[in-house]
Amino acid sequence: MQKIQHYVLFPNHDNGMRLYGILKEAGIKTTIAPTPRVASKCCGISLLVREEDLNTIQKCIDENQLEILKIAAIERDINPKRDKYC
């Protein structure tokens, strides 16, 4: 069973950290994560968020005039054999 994960992608590190602080103050669960390659070829941070919080997160982005690239929904890809060489 695949699970969809939601990532907020940013044009720069500063906007990501600002939104992270705003969401933490609002009591919204979020995790700083590397940007998945399938979502963007650029390196950088993203925020891993819950689907049920997306409307509230969008309101926080709009109210604080933060620039984001997009909110990406990506299938969770867990490969138990990754990084095993034997």
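1. A quick term to start: helix axes here are lines fitted to C-alpha atoms over the stretch in contact, with angles running from 0 to 180 degrees between N-to-C directions. Helices are DSSP runs (H or I, at least four residues), numbered from the N terminus. This is a predicted model, where local features need pLDDT of at least 70 and side-chain atom pairs count only at pLDDT 80 or more. Residues are numbered from 1 along each chain, and side-chain values use heavy atoms.

2. Look at helix α1 (residues 13-25) and helix α2 (residues 54-63): their axes cross at roughly 120° and come within 11 Å. The two are therefore oblique to each other (under 35 degrees is roughly parallel, over 145 roughly antiparallel, 65 to 115 roughly perpendicular, and the rest oblique).

3. Which residues of α1 and α2 meet? From α1 come Leu19, Ile22 and Leu23, and from α2 Ile57, Cys60 and Ile61, contact being heavy atoms within 4.5 Å. That contact has 6 nonpolar residues, no polar and no charged ones (Ala, Val, Leu, Ile, Met, Phe, Trp, Tyr, Cys and Pro are nonpolar; Asp, Glu, Lys and Arg charged; the others, Gly among them, polar).

4. One more thing to check out is the lining of the second largest pocket, with 5 charged, 4 polar and 3 nonpolar residues. Its residues include Lys3, His6, Lys29, Arg50 and Glu51 (lining means an atom within 4 Å of a point on a 1 Å grid; a pocket is an open set of points where a 1.4 Å probe fits, with protein on both sides within 12 Å along at least five of seven lines).
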